[in-house]
Amino acid sequence: MEDDRKDAVYGTPHKYDPTFKGPIYNRGCTDVICCVLLFLAIVGYVAVGIIAWTHGDPRKVIYPTDSRGQFCGQKGTKNENKPFLFYFNIVKCASPLVLLEFQCPTPQICVKQCPDHFLTFLNARHSRDFDYYKQFCVPGFQNNKGVPEVLRDEECPAVIIPSKPLAQRCFPAIHANKGVLMVGNETTYDNGHGIRKNITELVEGAKKANMVLEARQLAMQIFEDYTVSWYWIVIGLVIAMVLSLLFIVLLRFLAGIMVWVMIVMVILVLGYGIFHCYMEYSRLRGEAGSDISLVDLGFQTDLRVYLHLRQTWMAFMIILSILEVVIILLLIFLRKRILIAIALIKEASRAVGHVMCSILYPLVTFFLLCLCIAYWASTAVFLSTSNVAVYKIFDDTSCPLLGKTCNPETFPSVNESRQCPNGRCQFAFYGGESTYHRALLGLQIFNVFMFFWLANFVLALGQVTLAGAFASYYWAMNKPDDMPAFPLFSAFSRALRYHTGSLAFGSLILAIVQIIRVILEYLDQRLKAAQNKFAKFLMVCLKCCFWCLEKFIKFLNRNAYIMIAVYGTNFCTSARNAFFLLMRNIIRVAVLDKVTDFLFLLGKLLIVGSVGILAFFFFTHRIRIVQDTAPPLNYYWVPILTVIIGSYMIAHGFFSVYGMCVDTLFLCFCEDLERNDGSQERPYFMSPELRHILLSSQAGKQEEE
């Protein structure tokens, strides 16, 4: 009775069908409207890219340009002998966008050299230093105005200070010495309150800009580390790929042994990590400065400093210990479930063995994702570099053209001179007033949204393709004789020919949720300074809800794609049937599906941990045999983290095939139990090993009841 009520709530199970032999070949196109919508969106995306490439200039990211959009130091230009960019008011550039000069709202000119001493316009005007000062004024400056007018019209900077060139930009060389403000190698004193105020503002701006400069310096040092260690990083990633492939091959023949070896090795690797952290913690005992807390030390660009603190190693040791205890407890409580999951992994190994080309399919997904990322990144750069310097007419008196845009090259024209005799064409901001420039923000949002949509579509295509191939294996009564000749290619062709619309539908829903999460993160950053606790609480709740929603949609989409691959139904029908099927077998879901995910996670940790430990010993010169081979580095954690992250991505790519295989076999297994009863008239399609899962799960269910 209870099972009947469950079936009534969660749909009607499929009945026995003697003609059903696996993935249906006679199917029709699904969700055609979404297919058309995706096609139109791609056409629009290409149009946005073409428009961005027409208006944008990515050289602005690399080479500095003055306020008139002319490059500094480039051959064949007016500024060929002026390689450095000078900012009139560096305070306005105190933001992470300071390196993209087109976003800095202050006049900028190209100069031959950065200023090397402190000087104000007021003091320089009637001194012999004025010829030196004039090179930092706008080209063609005529000294025929009063000081207030020159500063108002921003024809010259109010003050120049010693600066150092960085990435062809002049940044102030300000530092403190015993509490005294130092500009270059000189102490800045001034008897005038106005100049002291300018210096105060400059110091505040320099403090903010210092974070950007330090970040860029850190980025340059990291880049240097990559240039000398990229060869060894590639070797480390190749080792990770070989280990992953070897692990997959061994799972094919020794699944049970490999799972237990994997569990033991993960425990040993974490144990060694705890031991190493404890030894470093003990070694630093009594060392000067090692007891300083992380909070007191604050943020340091040289991350090696943190390794000299005992608190750092204590934190590492606590994290690894917690992880070790959690894994051991899970293994204790899931020991019976693990035995059942091993049988499912063995069956997945057989399926992968009969469809060996599936192991290489992640390379196709990786290639398509790289195309999506490259197009998105290039379009974003071109859109960002589409801004131009906007000049407007300013005047002290009434002027009908006040606030209108103007061209500083031709100002004033006859009409402008007649209507605004005292007018001046002054830099206003970077952006533009055309329809295209006003739509830039919307185009950037559309660019991000299309990236999410296409990336999710590529992932969905891979999931449907693998699901179709592995479903062909499961529903073959005589394996592998009843399987199609090319199961992976057949599944890929069916997905593109019939179900592009369904894949677009599922990926569209996920992309909408992801773009909302991005907008929430943006708003959260903008509202961080707000003191409204209710707004902060609401923002946290929204972020949490949409994070959970994204995880649920990913889980539902994954199972819906499996049903699409098998039955060829549309997305909504497939998602409903998959959800009801899982709910009718909720105990088996908890027993089998998630335990295998846990075991695969341990496999990834084993590969990543092994390669990470090897990289740590190599790049820290602790392997005596190759001690002199390791390159000298600014930060040895740069190649180590790169190898660890890359190893995880490689291992995840290999294990994702196994994960999709397990999920597909699991859903087919649940369908098989509902369609058939194991008799000669209605035999199971499952292998004898999977029948053991059926008996074990039924026994476990009876024990729980």
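Author: Val 249 lies in helix H7, residues 193-283, where helices (H or I, at least four residues) and strands (E, at least two) are DSSP runs, numbered from the N terminus. This is a predicted model, in which local features need pLDDT of at least 70 and side-chain atom pairs count only at pLDDT 80 or more, while totals for chains, interfaces and linings use all residues. Residues are numbered from 1 along each chain as its sequence is written, and side-chain values use heavy atoms, with hydrogens and water left out.

Reader: Does Val 249 count as buried, partly exposed or exposed?

Author: Buried means under 20% relative accessible area, exposed over 50%, and partly exposed in between, with a 1.4 Å probe and protein chains only. Because its relative accessibility is 34%, Val 249 counts as partly exposed.

Reader: How many disulfides does the structure hold?

Author: A disulfide is a covalent bond between the sulfur atoms of two cysteines. Here the term is applied to a pair of cysteine sulfur atoms within 2.5 Å. By that cut-off, the number of disulfides in the structure is 3.

Reader: What is the handedness of the disulfide of Cys 114 and Cys 170?

Author: The sulfur atoms of Cys 114 and Cys 170 are 2.0 Å apart. The torsion about their S-S bond is about -85°, so this disulfide is left-handed.

Reader: How many residues apart in sequence are the parts that Cys 114 and Cys 170 tie together?

Author: Cys 114 lies in the loop between E2 and strand E3 (119-120), whereas Cys 170 lies in strand E6 (residues 169-172). The pair therefore ties together parts whose separation in sequence is 56 residues.
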